[in-house]
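Hi everyone, thanks for coming. I'd like to walk you through one model today, so please have a look at the screen.

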Amino acid sequence: MHAHLRAGRRLTGTLAITLSALLTACTADPPTPAPTSSADPAPAEADAARDELAALAAAAQDRHLTAAYTFATADGPDRTITVTSANDGTWRVDVPGWGRGGTVDVSLAATADGLFQCALPSTGHAEPASCVRLGEQDDSVPRRLDPRVQHPFTDWLEVLTDRRAALSVSPAEPPAGATGQCYAVESTSASLNAPLDVGIYCYRPDGTPTAVRAAFGTLRLAGEPGPAPATVQLAGPVTDGEPVRQEAPTPDDSPSAGTP
């Protein structure tokens, strides 16, 4: 009987030591909780913003109108550009004070006959409006002739609707004096030829562009848009002349340069 008691005491002591060791180990090394990532909601929010902007840009592609926009830049007075998106998919954008050092108003237009630049009557162009063909309807405006303000209403909409484009999209506040649902768009590609300018893009729910802030400046919708025409009309007849460049003419550009 004494032997059984001694065995019981040894077993009890062993269990107590084992339990104590287990408790000590648990106290020294508590289980690590499953990590929670504060970044988890960000991809979902970014995907939602990208989807929302793509839907608004798609609505803008179907939004045909005539509208005026205040165009503000850092190096000149505010101007008003006119945007016409016709029902047949043709378009025209008139840009005051862009050509020849700010002395010539120009118009860009894409019709069924091609892509055109027109010189409008202005300080540096006393003649009636005339147009020069730049290429086919879907061609890009040559860089040296590109005022860039037409892009948010034309080809950049295709980029904004393309989920494969290397873009990062997040909600943003409207630029000062602007309204609409706005998104900050950044490029995630290291390419020098970004498909569009990074910046802020704003729309009404029906797809009306209300503001754009990009490298070329800031556009803000000025007043209510008007109805769209069936098709756009060029500002003047097409000629074989040279298109208007942005730079002011130099003495070397004068036809009489080098003559007595």
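Predicted model: local features only at pLDDT ≥ 70, side-chain atom pairs only at ≥ 80, totals over all residues.

I'll go from the overall fold to the sheet, and then to a single serine.

The protein has 3 helices and 11 strands. If you read along the sequence, the pattern runs α-α-β-β-β-β-β-β-α-β-β-β-β-β. Of its 260 residues, 36% count as buried. The accessible surface comes to about 15100 Å², and carbon and sulfur atoms account for 55% of that. As for contacts between residues at least 6 apart in sequence, 51% of them join residues at least 24 apart.

Now the sheet. In what order do the strands of this open sheet lie? The order is β6-β5-β4-β3-β2-β1-β11-β10-β9-β8-β7, with antiparallel pairing across 11 strands. At the edges sit β6 and β7, the latter spanning 167-172, and each of these pairs on one side only. On average, neighbouring strands are turned by 20 degrees against each other, ignoring direction.

Let's zoom in on one pair. β2, residues 76-85, and β3, residues 91-99, pair in the antiparallel sense over 4 bridges. There, T84 stands opposite R92 in β3.

Finally, the serine I promised. S122 is in the loop between β5 (114-120) and β6 (130-135). Is S122 buried or exposed? With 18% relative accessibility, S122 counts as buried, because the cut-off for buried is under 20%. Leaving aside residues up to four places away in sequence, S122 touches T103, V104 and D105. With D105 there is also a polar approach: a polar atom of the S122 side chain lies 3.0 Å from the backbone nitrogen of D105.

Thanks, all, and I'm happy to chat.

Conventions:
Residues numbered from 1 in each chain as written. Heavy atoms only, no water. Helix = DSSP H or I, 4+ residues; strand = E, 2+ residues; numbered from the N terminus. Buried < 20%, exposed > 50% of the residue type's maximum accessible area, 1.4 Å probe, protein only. Polar contact = N/O pair within 3.5 Å; in protein donor to acceptor, adjacent residues only side chain to side chain. Contact = heavy atoms within 4.5 Å. Pairing = 2+ DSSP bridges. Axes fitted to C-alpha atoms, helices over the stretch in contact; angles between N-to-C directions. Areas by Shrake-Rupley, 256 points an atom, 1.4 Å probe, with all protein chains shown as cover.
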